[in-house]
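The following report describes a single chain, moving from side-chain surroundings to the arrangement of its secondary structure.

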Amino acid sequence: MPKKILIVDDQFGIRVLLQEVLQREGYTIFQANNGPTALDIVQKENPDLILLDMKIPGMDGLEILRVIRKLEVETKVIMMTAYGELNLIREAMELGALAHFTKPFDIDELRQAVNAHLM
Ligand SMILES: [Mg+2]
């Protein structure tokens, strides 16, 4: 069975780019543009990995990550952050995020990191 990846980002262009690149790697992709939708998909689909944007209107990435940890689902999380979000990144790592990529990131590096974590 192909592994499942959930992409959580409020920017349409980023979701489309990531979906395109990661689908080509053979993953099943889900998308969410906000926290409640993301949490719904987490519970229904139990994704193997989540690419989680830090800055999202409403629930931000950190809040989403906190709820995911409370749900106690076994999912890997990679954060997508903006420059200078060091405190938020530290907190995300404490909540078990495996890595973070600062936007604008190198899509190939991100693809490789995803593959490495899902091997
Ligand atoms: Mg954003």
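Leu65 is in contact with Leu52, Val77, Ala92, Leu95 and Ala97 in this predicted model, when its neighbours within four places in sequence are left aside. Leu65 also belongs to the largest nonpolar core, which has 26 residues, and is listed with Ile5, Leu6, Val8, Leu51 and Leu52 as touching the most other members. Two or more residues of this core come from each of β1, α1, β2, α2, β3, α3 and β4.

The sheet itself is open and consists of 5 strands in the order β2-β1-β3-β4-β5, with parallel pairing. Because β2 and β5 each have a single partner strand, they stand at the edges, and one side of each is left without a neighbour in the sheet. From one strand to the next, the twist averages 20 degrees. The parallel pairing of β4 with β5 runs over 4 bridges, and Met79 has His100, in β5, as its bridge partner.

| α1 (12–24) | β1, β2 and β3 | about 170 degrees with β2 |

Is Asp53 buried or exposed? Asp53 is buried, because 23 other C-beta atoms lie within 10 Å, where 20 or more are required. Not counting residues up to four places away in sequence, Asp53 touches Val8, Asp9, Asp10, Gly61 and Met80.

Notes
Residues are numbered from 1 along each chain as its sequence is written. This is a predicted model: local features need pLDDT of at least 70, side-chain atom pairs count only at pLDDT 80 or more; totals for chains, interfaces and linings use all residues. A residue is buried if 20 or more other C-beta atoms lie within 10 Å of its own, exposed if 12 or fewer, and partly exposed in between; C-beta atoms are placed from the backbone. Two residues are in contact if their C-beta atoms, placed from the backbone, lie within 7 Å. A nonpolar core is a set of buried Ala, Val, Leu, Ile, Met, Phe, Trp, Tyr and Cys residues joined through C-beta atoms within 7 Å. Two strands pair if DSSP finds at least two bridges between them. Axes are lines fitted to C-alpha atoms, for helices over the stretch in contact, and angles run from 0 to 180 degrees between N-to-C directions.
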